[in-house]
Amino acid sequence: MQNQKSTTKSTKGAKTIFTKTMSTKTAFTKTTPIQNALILAYKPAFITSNAFLGKIKRKYGLAKAGFSGTLDPFAQGSLLIASGTYTKLLPFINTEPKRYEAVLWLGAKSKSLDIENFLGVESVPKFSQSQIAEVLQNLCGNITYTPPSFSAKKISGKRAYTLARSGEEVNLAQSTMSVYSLEILGYNHPFLHFLSEVSKGSYVRSLGELIAQNLGVSGILSALKRTKEGSLCAKNGVEIFLNPLEVLPFGRLELDSHYEDLIKNGAKICIKNTKSGIFIVQFSEFFSIIEILKDGNIKYLCNRISYADTL
């Protein structure tokens, strides 16, 4: 960890202040117009991921921006946001497993398997801890499920939730998810609080439905929080600016400076006496992600990424 230091910049005549808290993280305290950024943010409940992204874009003056892993409107928690050329880095960042804390309301029914499209609730018997533990254990591993109609899955180019909200019938194909772990955090009937670690693209609402079905009742999620994506954990109310060179899961490959223009221009290069694999190559003004093939030729996976002013 580096010593803390403060830096003052001038942007269009106005002072912009930010504080370096770690070599990999920067906590901004005032609006900072920037181009390339990798931001770990905490989305509050009852706002869509796109609407929350819009708030972040306006706050920091971002133009092009996107995020990794949509959170349902009623859900809260970690959302990884990238802007500028850093959007190209999102597929390379390890955000698995996804860790969630959820509250399952046993006996309740909803069109969207959460509290946003509530239909009603019926009384159901109380279950023993052993009954619940057995169900959770049986759901660990690779499971097949039908995604909820209110989901970001696309049907003929349209989001399923758009069709569902307009009253159209939605028929989604079955999907699979990997459930790495399931744990009871608390049970105050009819509310079951559980922790799950799942693969990317999983629907915890569907996992909650499967838990309820295996108990022989209906059930919906009354709360959902994403606490972690891979090793990334957001803090409520704080945007953490990450250094991609320390977040990307690849080793560094040291190359002589005469390679800089060749790689910058995407030239065909063969590098001998180097093991194959994916590497980061870093130069004075940019970095790239390359793959060295078994024959020594390189493949450009993500080239000419400029350094952000936060590095």
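**View 1. Arg226 and Glu229 form a salt bridge, with their closest N and O atoms 3.9 Å apart.** Here a salt bridge is a side-chain nitrogen of Lys or Arg within 4 Å of a carboxyl oxygen of Asp or Glu. Both Arg226 and Glu229 are buried (under 20% relative accessible area; exposed is over 50% and partly exposed is in between, using a 1.4 Å probe and protein chains only). Please keep in mind that this is a predicted model, in which local features need pLDDT of at least 70, side-chain atom pairs count only at pLDDT 80 or more, and totals for chains, interfaces and linings use all residues. Residues are numbered from 1 along each chain as its sequence is written, and side-chain values use heavy atoms, with hydrogens and water left out.

**View 2. Arg205 meets Asp72 in a salt bridge of 2.8 Å, N to O.** Arg205 lies in helix 4 (residues 204-215) and Asp72 in the loop between strand 5 (65-68) and strand 6 (76-83), so this pair ties together parts that are 133 residues apart in sequence. Helices (H or I, at least four residues) and strands (E, at least two) are DSSP runs, numbered from the N terminus. Arg205 and Asp72 are buried.

**View 3. Arg99 pairs with Glu197 through a salt bridge of 2.7 Å, N to O.** Because Arg99 sits in strand 7 (residues 98-106) and Glu197 in strand 14 (residues 191-198), the pair ties together parts that are 98 residues apart in sequence. Arg99 is partly exposed, at 29% relative accessibility, whereas Glu197 is buried, with a relative accessible area of 17%.

**View 4. Lys64, Lys88, Lys264 and Arg304 form a positive surface patch.** Patches are made of residues with over 30% relative accessible area and no salt bridge, with like charges joined within 9 Å and nonpolar side chains (Val, Leu, Ile, Met, Phe, Trp, Tyr) within 5 Å. Lys and Arg count as positive and Asp and Glu as negative, while His and the chain ends are not counted. Arg304 belongs to strand 20 (residues 298-306) and is partly exposed, with a relative accessible area of 45%.

View 5. The structure holds 6 salt bridges, and buried residues make up 47% of the 311 residues in the chain.

Terms used
Areas by Shrake-Rupley, 256 points an atom, 1.4 Å probe, with all protein chains shown as cover. Charge placed at Lys NZ, Arg CZ, Asp CG, Glu CD.
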